[in-house]
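Visitor: Could you walk me through this structure, please?
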Amino acid sequence: NGLGLAYMRLHQYEQAIHALRRCLHFDLLYAEAYYNLAQVYQKQGEQDAAQAATQAFERVNTYSQDVLWCRTVLDGNPHDALARFKLGIIYTKLGIPAKAAIEFQHSLSINPASVQAWHNLGSAYTRLKRPDEAIAAYRQAVELDKEYTLSWYNLGSTYFLINDLPQAQSAFEQVLELDPKYLDAHHGLG
């Protein structure tokens, strides 16, 4: 980020863009780099790129306090499962499932009994179009908590996506056994 700012002050905008993008390559949660990138694009008259970078800044900046908390915790203890889990949630909310999956994996390597981390890992894999891994993660979640209806439902939906209809039906039936009013599970069976 500092190098990008230096290039921007020298009016070397292409180098500034390169430096700021490189910064973001290493840290997608560095809000200030998005802001500076927007400024460079604005100076170059690239309004669409400036607007996209500004929107990215606004999205990431929304979570800046949470990111700061996670990083502060991880600086003191890189093996803090909750901080890793929270980073996974932030990446999920920002629509970055590959990074979310990495953080959920880190969290699970520390605390393999976290039902929510298994569930969210399954969701990340689903977004990454990796259904076999999603199924394995959802299966682990329901193994740990047999009454976790959302994981049962997502398991059924994932089976449905890969056209394994008997397994999908079984999972949807499990949802309805736990919660007979779960409408999406009724639709899954319909």
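Guide: We shall discuss a helix pair, some loop residues and the cysteines. This is a predicted model, in which local features need pLDDT of at least 70, side-chain atom pairs count only at pLDDT 80 or more, and totals for chains, interfaces and linings use all residues. Residues are numbered from 1 along each chain as its sequence is written, and side-chain values use heavy atoms, with hydrogens and water left out.

Visitor: At what angle do α3 and α4 pack?
Guide: The angle is about 165°, and the axes of α3 (residues 31–44) and α4 lie 8 Å apart. Axes are lines fitted to C-alpha atoms, for helices over the stretch in contact, and angles run from 0 to 180 degrees between N-to-C directions. Helices (H or I, at least four residues) are DSSP runs, numbered from the N terminus.

Visitor: Roughly parallel or roughly antiparallel?
Guide: α3 and α4 are roughly antiparallel, because angles over 145 degrees count as such, whereas those under 35 count as roughly parallel, 65 to 115 as roughly perpendicular and the rest as oblique. Their contact (heavy atoms within 4.5 Å) involves residues including Y34 and L37 of α3 and A53 and F57 of α4.

Visitor: Which classes of residue make up that contact?
Guide: The contact of α3 with α4 has 12 nonpolar, four polar and no charged residues. Here Ala, Val, Leu, Ile, Met, Phe, Trp, Tyr, Cys and Pro count as nonpolar, Asp, Glu, Lys and Arg as charged, and the others, Gly among them, as polar.

Visitor: Changing topic, where is Y63?
Guide: Y63 sits in the loop between α4 (47–61) and α5 (64–76).

Visitor: Is it buried or exposed there?
Guide: Y63 is buried, with a relative accessible area of 17%; buried means under 20%, exposed over 50% and partly exposed in between (1.4 Å probe, protein chains only). Not counting residues up to four places away in sequence, Y63 touches I90, K93 and L94.

Visitor: What about H11 and its phi?
Guide: Phi of H11 is near 60°, a positive value in a residue other than glycine. Most residues other than glycine have a negative phi. H11 lies in the loop between α1 (2–9) and α2 (13–26) and is exposed, at 58% relative accessibility.

Visitor: Finally, how many disulfides are there?
Guide: The count is zero, where a disulfide is a pair of cysteine sulfur atoms within 2.5 Å. For C23, the nearest cysteine sulfur is that of C70, 18 Å away. C23 is buried at 13% relative accessibility, and C70 is buried at 0%.

Conventions:
Helix = DSSP H or I, 4+ residues; strand = E, 2+ residues; numbered from the N terminus.
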